[in-house]
Amino acid sequence: MAPTPVITGIGASLPPRVVTNDDLARQLDTTDEWIRTRTGISRRHVVQPGTTTSDLAVEAGARALKNAGTSDADLVVLATTTPDRPCPATAPTVAARLGLGTVPAFDVAAVCSGFVYALYTATAALVAGQARTALVVGAESFTTLLNPRDRTTAAIFGDGAGAVVLSARPDAADPKQAGILHFDLGSDGTLADLITVPGGGAEQRTSAREPEPDAQYFQMDGRAVFSAAVRRMSDSTRAALGASGWSVEQVDWLVGHQANVRILTAVAEQLDLPPEKALIHLDRVGNTSAASIPLALADGCLRGRLKAGDRVVLTAFGGGATWGSATLVWPDLPPVENPTTAP
Ligand code: UT7
């Protein structure tokens, strides 16, 4: 019988610099009130010059391995939109710096859905018997992509990393036993322009035209993304619940991509799920793209909200457009030692 992947360790990393909404309001035409009421965000962590995505990924990864009580993994999958360089991928650097040797290591690019895609990839490798322990990381220095003059994006995003160790355990008949259960993933490439960094890729390099001004910066059609995110996250969550044979009433926690508290509330409403079952972490870290779900999970552990045996559904929507959901029964993990936000 195929093994069931189970989370055996979790870790997080946040850069120490905290930027509050009031700090942003001193540089941009915005207010604390607008940001809080439109997004639910109060502050975010931001990398200092010299700190890279791999630095955050290595710290989160080391903490996840320690939490799992191991120093080994035979696969590293890193979800990121902000790799250290366009080439090569960042995951091999992370694997080497963690002392994992010559294990397979690669990046997954699905923007804010990246962690769910990375978890899916690692789960598939474990189920196929190609790996026994995988380190799955979501890490971003997303603020390095932002146009500092664009209040519509500069107010929303933050930096950080979260990681889980995924281990194969022989399958057991008990459906209440911890483990990753089912996925629902999708994409719609006709929506590629909704969330984009138009410059810096082959498209621009092979174009005879001069790049548009600010083409190197992240751009988003916020309103269109908002409605697509609510629809896709709700439908995908339903599909993952259906595949697991779970009713909405059986869900203990909805851990959605932390983009906007209004999106998370709307998804809960669409699903007829009490809003207090939606785990919220973005108020203290903003939207950390591929890092947001593992950061929210680590915070849920630290605060004693996620408990062994809880039925959890992850759901995300991001650039591509991509979306994805996963059902899992939460494992019994050692306490998370490191803070998941500033005091
Ligand atoms: O992570 C990947 C997925 N991303 C998401 O899921 C993000 C989805 N989108 C959103 O969360 C929301 O659309 C935003 C938070 C980005 C924007 O909120 P909104 O309620 O949709 O605002 P809006 O874009 O409709 O803009 C409303 C007004 C506009 O002014 P006018 O045209 O009505 O005069 C904006 O210029 O708010 C203005 N505005 C701001 N005002 C103060 C936009 N950003 C700001 C700001 N401060 N930071």
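In this predicted model, strand 12 (residues 311-318) and strand 13 (residues 322-329) run antiparallel to one another and are joined by eight bridges. Within this pairing, Arg311 stands opposite Val329 of strand 13. Strands of a sheet in general pair through backbone hydrogen bonds, in either a parallel or an antiparallel sense.

The two strands belong to an open sheet of four strands, arranged in the order 8-13-12-11 with mixed pairing. Because strand 8 (179-187) and strand 11 (253-256) each have a single partner strand, they stand at the edges, and one side of each is left without a neighbour in the sheet. From one strand to the next, the twist averages 15°. Helix 5 (residues 114-127) packs on this sheet, where it touches strand 8, strand 12 and strand 13, and its direction makes about 125° with that of strand 8.

Another part of the picture is Phe218, which is placed in the loop between helix 7 (202-205) and strand 10 (219-220). Phe218 has a relative accessible area of 4%, and is therefore buried, since the cut-off for that class is under 20%. When its neighbours within four places in sequence are left aside, the residues in contact with Phe218 include Phe142, Leu145, Phe157 and Ile195. Pro5, by comparison, lies 213 residues from Phe218 in sequence and 35 Å from it in space, taken from C-alpha to C-alpha.

Charged side chains form a further theme, and the structure holds eleven salt bridges. Side chains of opposite charge can pair when their charged atoms come close.

| Salt bridge | N to O distance |
|---|---|
| Asp32 and Arg36 | 2.8 Å |
| Arg63 and Glu59 | 3.4 Å |
| Arg284 and Asp299 | 3.2 Å |

Asp32 and Arg36 are four residues apart in helix 2 (residues 32-39), so about one helical turn separates them; Arg36 is partly exposed, with a relative accessible area of 38%. Arg63 and Glu59 are likewise four residues apart, about one turn, and both lie in helix 3 (residues 53-68). In this pair Arg63 is partly exposed, with a relative accessible area of 24%, and Glu59 is also partly exposed, with a value of 34%.

The bridge between Arg284 and Asp299 links distant parts of the chain, as Arg284 lies in helix 10 (residues 282-285) and Asp299, 15 residues away, in helix 11 (residues 292-302). Both Arg284 and Asp299 are buried, and together with Asp283 and Arg303 they are linked in a network of salt bridges.

Conventions: Residues are numbered from 1 along each chain as its sequence is written. This is a predicted model: local features need pLDDT of at least 70, side-chain atom pairs count only at pLDDT 80 or more; totals for chains, interfaces and linings use all residues. Side-chain values use heavy atoms; hydrogens and water are left out. Two strands pair if DSSP finds at least two bridges between them. Axes are lines fitted to C-alpha atoms, for helices over the stretch in contact, and angles run from 0 to 180 degrees between N-to-C directions. Contact means heavy atoms within 4.5 Å. Buried means under 20% relative accessible area, exposed over 50%, partly exposed in between (1.4 Å probe, protein chains only). A salt bridge is a side-chain nitrogen of Lys or Arg within 4 Å of a carboxyl oxygen of Asp or Glu.
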